[in-house]
Amino acid sequence: MNTANEAKINSESTEIHRLFYVEDDNFSNGDEYKMAIDYQNMPKIVENLRQLDVQKAKIFGIFGDDMDVTKFLYSLFPDGQNKIESLFSNCDRMPTIWTIFNNIDLVFLLICNQDLALEKGNYFTVVMQRFLQDICHNIIICPSETFFTNFSTEHSFHGKPHGSRTYKLVKKELVDIQTPKNIKLDDKNIFKLVLDESCQNVLSTNNSPTTYCVRKIVQETNQTTANNRFNELKELLQKYFDIGTANLRTIFKLCDETRIFLSIKQKAKIEKVITDHVQLYNNQTAHIDHEVKSFINELIGKGKILSSLRHDTEKEIRKKLYEITKSWLIEPKHSKTTAEDCTEYLIGSLENHFKNKPSKFNITDEHRSEFISRMKKNDKKNEVRDLQELCIKFIILEAQSENQFDVHFDIHPLHYIPEFDTEHHLQHISVNSSAPIKITFNELNTFMNLSVLSESDRLALPRRIKLIACYRTSDGKSEIIIINRPNIVNERLSENDGYSILLHKNGFFKKIPDYSRFGIHLAYASSQNSQTLVFYHKTTGEVSRWSVNESGELKSHTILHQLDKSNQPSGVKSLALTAAQDLLILIDSTSTVYSIDISNETNAVTLLLYKTTNSSINQRDFMTNDGELYDNVQTIGEKNPIFFFQAKNCIDIIDQNYCQMFSIKLIHNAQFYKMQIFTDFFDTYCVLFNSQVNEVYCIQNLISDTRIERQESSNNLAESSQQYIGNRLLDIIKMGEIQFGVSDLMIETQYCLVLSPEYTSYCDKIKKYFKNLGVFGTLTIGYENMDLKCSTIDIECLIKTMLSRVPLQLCTIEMGTLVPLNNGRRDRMDHLSSKSFRIDMKAREISFSCLDYLLNNINENENIQIIGILGRQSTGKSYLLDIIFQTRFAVAAGRCTDGIWMSYVFLNNTHFVILDCEGLFSDQRTDNEEIKLISLLTAVCDITILSSRFRI
């Protein structure tokens, strides 16, 4: 490979575009990531491929670790180093495939990550390396120095990195539990900034090291502010709104950005405005298609010029000329481009196309003038611009028809961080505040369907809506937020309140089913394996239990009824659920303390609690030693729960036998304190705070079954030594074949490993290791003599393969409703569920990302089959499709598919659309939800595969 002569280029001509990447998928069955295709860059990459001269160009792949790939790319593109350096400086931790193009060669680059602890990254590296095999027949491997220093002759496809942390475990005795120790809390004045005077803005939460404070902002919009918003909306519509591709989603998104609220009636009227104007647009441009095709045919002289070319080449150039000409005739953005300039561009495109072809191309001045004349005659840009401006005017007028107002919530998380010295002695607790969780009015509208309300009801809403709780989930990555709001009945605000439950993760919200009953008190608890949300009904004493899975879906259990109503509490002051999720501790309005056993499947057992004295059977009323009543209770510990009871002047720590262990005498009056309990398993912390003062107490070994002593070797696991048996860069290739089978076309991939002179002694070991892997491919050492020419590659086939590698999610199920997705995302699609919008308008809203390009270019006379699959969860449905059709659906143990996903393949001269459905008979779906999925799949498929269990 002559890199000095062929790859030396001007850096300005080097183009680097992202192709495949891993994006954060916040609510996909608890998984944090999914494969994605950069459809914004895709047109540029396709254009680069079509510019290549396949007789001279090279198309190949490169993969390896960051620094070593960088060095190799510098040798290939010596004058493009600035762009390459910029690429690696912004490189993501997750694997990514990029394209590098310099008018001569096109390189598909896979950047791996050496962080073996990042298991998700390792999985996606395997998937992307398999993508690289699909696209490239020649792949260059750039190993890092650690590849050689840690080279192993043994194979291991199950080796995982591991670390160690050493503790000394000692049987716990009561004397080993240290007396609560008052320690310093450094809050950096955060409490003073975020808390109100009486701490009413502190939300109920669970025993996590985070307190959540909320601020409700209500803003009635004055005339000046409203005018500014409408002017901003008008500017955005003029910039982004296109009458030719008009859809409601674009308009609603722009309204969100300008904080303009639209009621359901306004949306319906705007939909009619768009429909009417689109119809006028279609009437004005109806003849354009025929006219453009007619004078394009005359321009290029179909019979004389293109007769010697292949049909697909003729089709491609005609399509390009057609799109350019039609765009000039009807799109206002071309107003400054004259007909003469557009004609010269078209003729220049034809001349470039025929430059190296046997057919000759020549346009006379007479033909040129005639073409320009016809262009001017059919020019509709001004009419379309006037129609578009009229449509925008009507949209603005309708948006102004109702008063605007704004209510939103900012939730401020306050994190408690224990600080230790070098010998692991606790020094103090610091408080940090992270970015607030923002719930905008548009999000409230999405969750509560406020657009159906009258204007007067919407204006009354801010007084009646409030946030009451924010619980941190067991994985520490999400929050469950409880909103107390009025019920909406017959499109009116009801006198009774209900609850909206949200799951928040990484800035995104997912609605969990509403709870419409009023007069309840909530409690939440989680353990390593489960999470439970409890609704206690104050008047009836009934207990509703909801289990929460990791993707935020709630499953309702049987309502527990009280067996003995004589012991029923009077109201609720405080309610705590144990980590084992089988016991409630309740303090009623008279400060009487009860336990409620909810371990039974049908009934709740309520008992009046008494304290035991010194672990004896002597009992007395549940109050402090000084006779004070308790106002608040929190609990911690799963196997042996510990209870923290808060009174006016003390905090009493009580064990599972309701025997008092410690009593913390407070410096300040606890009546004005908020309490937060959390643990790091070694120490348990009790934080008491208000806007002015605070106290923190630490108790060692309070909840553990054994006494734990930190040792000097208790390093951070992230810094612990890691071991991996095998050679990762080569093992990745084998893992891809195991998961997805061998290459689609049964053509062996040619691998080349870049070997520095100092590692030549590894040459035979590497070849032997590769041979023992049994990979469907060949490996050579050194790339200098490798033939990277792509003369046998079909560029159009390569483009199809590239576009079809990443599956697209079509829909999901939420709250019993089938939710369509746009470009695989939940992107302003909620209005599609409304019956007021016509089906043709709904159809305009949905796009299939890059798959649109493939599906829209299938001719009527070509074969196309739609294949779907149904079956129980974890029966290998996705794996079966991957093996049969060479698709790339996600494969994993357990539930790995949510809703219905689509992929495209072209096999045996037939176009296939493959639909993969989530597993049936899952406890995460109701029968009605599964019926909807089955109905959709079977309605659109030519063939539906019923899968039981797939084995090899």
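How many nonpolar, polar and charged residues are in the lining of the largest cavity? I will come to that after some ground rules.

This is a predicted model, where local features need pLDDT of at least 70, side-chain atom pairs count only at pLDDT 80 or more, and totals for chains, interfaces and linings use all residues. Residues are numbered from 1 along each chain as its sequence is written, and side-chain values use heavy atoms, with hydrogens and water left out.

Now the cavities. A cavity here is a set of points, on a 1 Å grid over the protein atoms alone, where a 1.4 Å probe fits but cannot get out; lining residues have an atom within 4 Å of a point. Points are joined across faces, edges and corners, and volume is the space filled by probe spheres set on them. That gives three cavities of 30 Å³ or more, and the largest holds about 170 Å³.

Its lining has 19 residues, with I37, V806, P807, L808 and N823 nearest the centre. By class, 12 are nonpolar, four polar and three charged. Nonpolar means Ala, Val, Leu, Ile, Met, Phe, Trp, Tyr, Cys and Pro; charged means Asp, Glu, Lys and Arg; the others, including Gly, are polar.

Strands are DSSP runs of E, at least two residues, numbered from the N terminus. β2 (31-37) and β38 (808-814) each give the lining at least two residues, and β2 has the largest share, four.

Last, strand β8, residues 181-186. Two strands pair if DSSP finds at least two bridges between them. β8 pairs antiparallel with β34 (residues 694-700) over three bridges, and K181 has C698 as its bridge partner there. With β11 (residues 426-433) β8 runs parallel, again through three bridges, and K184 stands opposite H428.

How values were computed:
On a 1 Å grid over the protein atoms alone, a cavity is a set of points where a 1.4 Å probe fits but cannot get out, and a pocket is an open set with protein on both sides within 12 Å along at least five of seven lines; lining residues have an atom within 4 Å of a point.
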